[in-house]
Amino acid sequence: MNNEKFSLSPTLKQEINQWVKKFPKGKQASAVLMALRLVQDTHGHLQDQHLDAVAEYLSMPKIQVYEVASFYTMFRREPVGKHVLSVCGSISCYLRDANGIIETIQKKLGIGLNQTTACGQFTLKEVECLGACCGAPCMLVGDHHYHTDMNPEKVCDLIDQLDKEEKHG
Ligand code: FES
């Protein structure tokens, strides 16, 4: 095991500084969400060493950074596949058969919740409200791509499309 202490890269520090500047002096801890997001974008998921480095950089107690990282489902504490399929399981989506979407994905990809396909392409997650309740049931691919009014057929097409893009660049 590598015992070298992890340090944020100069690029990451620069990017985090852009967010720190948006808050009053001494309130740099307010940039923690964006700092974690930037670190996750760079490293794929958040390991303890990443959280420790953010805490140190923003002069925050480590426990606060761990609390933030474990509270929000957008932060990943484990390695994930290239495409993270996050299906909303909150009330509006639940009532419009979010479970059917989850079951369809499970069957199609042969994985359970919080699992990743053997090829490393897909990870399935159930998450809390994605803020797009009027498009229930809805899901997110990665961190940015919303798919609303889903049904089993649409979710199968979506997975086929992502698969095709992967195979043909
Ligand atoms: S309940 Fe699913 S997006 Fe709000």
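The model is predicted: local features need pLDDT of at least 70, side-chain atom pairs count only at pLDDT 80 or more, and totals for chains, interfaces and linings use all residues. Residues are numbered from 1 along each chain as its sequence is written.

Start with the domains. Domain 1 covers 10-71 and domain 2 covers 83-168. These bounds come from an automatic or database domain assignment. Taken over C-alpha atoms, the centres of domain 1 and domain 2 are 28 Å apart.

Now take helix α2, residues 32-43. Helices (H or I, at least four residues) and strands (E, at least two) are DSSP runs, numbered from the N terminus. The expected span of a helix is 1.5 Å times one less than its number of residues. For the twelve residues of α2 that gives 16 Å, and the end C-alpha atoms are 16 Å apart, which agrees. After α2 comes G44, with a positive phi near 90 degrees.

Which residues of α2 are buried? They are V32, A35, L36, L38 and V39. Buried means 20 or more other C-beta atoms within 10 Å of a residue's own; exposed means 12 or fewer, and partly exposed lies in between, with C-beta atoms placed from the backbone. An α-helix has 3.6 residues a turn, so residues three or four places apart point the same way. Among the elements covering the buried residues of α2 are α1 (10-20), α3 (48-57) and α4 (62-71). Contact here means C-beta atoms, placed from the backbone, within 7 Å.

Next, the cores. A nonpolar core is a set of buried Ala, Val, Leu, Ile, Met, Phe, Trp, Tyr and Cys residues joined through C-beta atoms within 7 Å. The largest has 18 residues, and V87, C88, I101, I105, C138 and M139 have the most contacts inside it. At least two residues each come from β1 (83-88), α6 (98-109), β2 (122-127) and β3 (139-141). With five residues, α6 gives the most. A second, separate core has 16 residues, including I16, V32, L38 and A69.

Finish at β1. Five of its six residues are buried. Strands pair if DSSP finds at least two bridges between them. β1 and β2 run parallel, joined by six bridges; L85 stands opposite L124 in β2. β1 and β3 run antiparallel, joined by three bridges. There, V87 has M139 as its bridge partner in β3.

Definitions and conventions. Contact = placed C-beta atoms within 7 Å.
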